[in-house]
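Dear colleague,

Please find below the structure that I am handing over to you. My notes on it follow directly after.

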Amino acid sequence: MTIKAHLTSPWHLGVGAVLGLGVILRVLGAQGDLWFDEVLTLGLLESVDSVGGVFWGISHDNNHFLNSLYLYVIGPDAPPLVYRALSIILSLVALVAAGMLAGREGR
């Protein structure tokens, strides 16, 4: 079986469809105004003046280090979709990982 035939198998097309639908749903869900926890995180980041401040300068349960670091780098004036880009990308990685884990036992 060639690579082209392998990638166009019904199973792989189904996986591609699920990932495509995942992208569409996540991007549509990421539209609109910021949510409360996103606004709260941006407010907490106002007091931070360095990358280290993301780790040691914020003492709050809403400080998720990876997300806060990403928001710190992006800055306070980005559009909502840019703020949520990391979450969208990581959720798609999670879909791929779940598919790979499920695929260990067969299609």
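Helices α5 and α7 are oblique to each other, a class that takes in the angles left over once those under 35 degrees (roughly parallel), over 145 (roughly antiparallel) and 65 to 115 (roughly perpendicular) are set aside. The axes of α5 (residues 65-74) and α7 (residues 85-103) cross at roughly 135° and come within 10 Å. L66, N67 and Y70 of α5 meet A85, L86, S87 and L90 of α7, where contact means heavy atoms within 4.5 Å. This contact has 5 nonpolar residues, 2 polar ones and no charged ones.

The model is predicted: local features need pLDDT of at least 70, side-chain atom pairs count only at pLDDT 80 or more, and totals for chains, interfaces and linings use all residues. Residues are numbered from 1 along each chain as its sequence is written, and side-chain values use heavy atoms, with hydrogens and water left out.

Two single residues may also be of interest. A97 lies in helix α7 and is partly exposed, its relative accessible area being 34%; this class falls between buried (under 20%) and exposed (over 50%), for a 1.4 Å probe and protein chains only.

T41 belongs to helix α3 (residues 36-45) and is buried, at 4% relative accessibility. Neighbours within four places in sequence aside, T41 is in contact with N62, S68 and L71.

With kind regards

Conventions
Axes are lines fitted to C-alpha atoms, for helices over the stretch in contact, and angles run from 0 to 180 degrees between N-to-C directions. Helices (H or I, at least four residues) and strands (E, at least two) are DSSP runs, numbered from the N terminus. Ala, Val, Leu, Ile, Met, Phe, Trp, Tyr, Cys and Pro count as nonpolar, Asp, Glu, Lys and Arg as charged, and the others, Gly among them, as polar.
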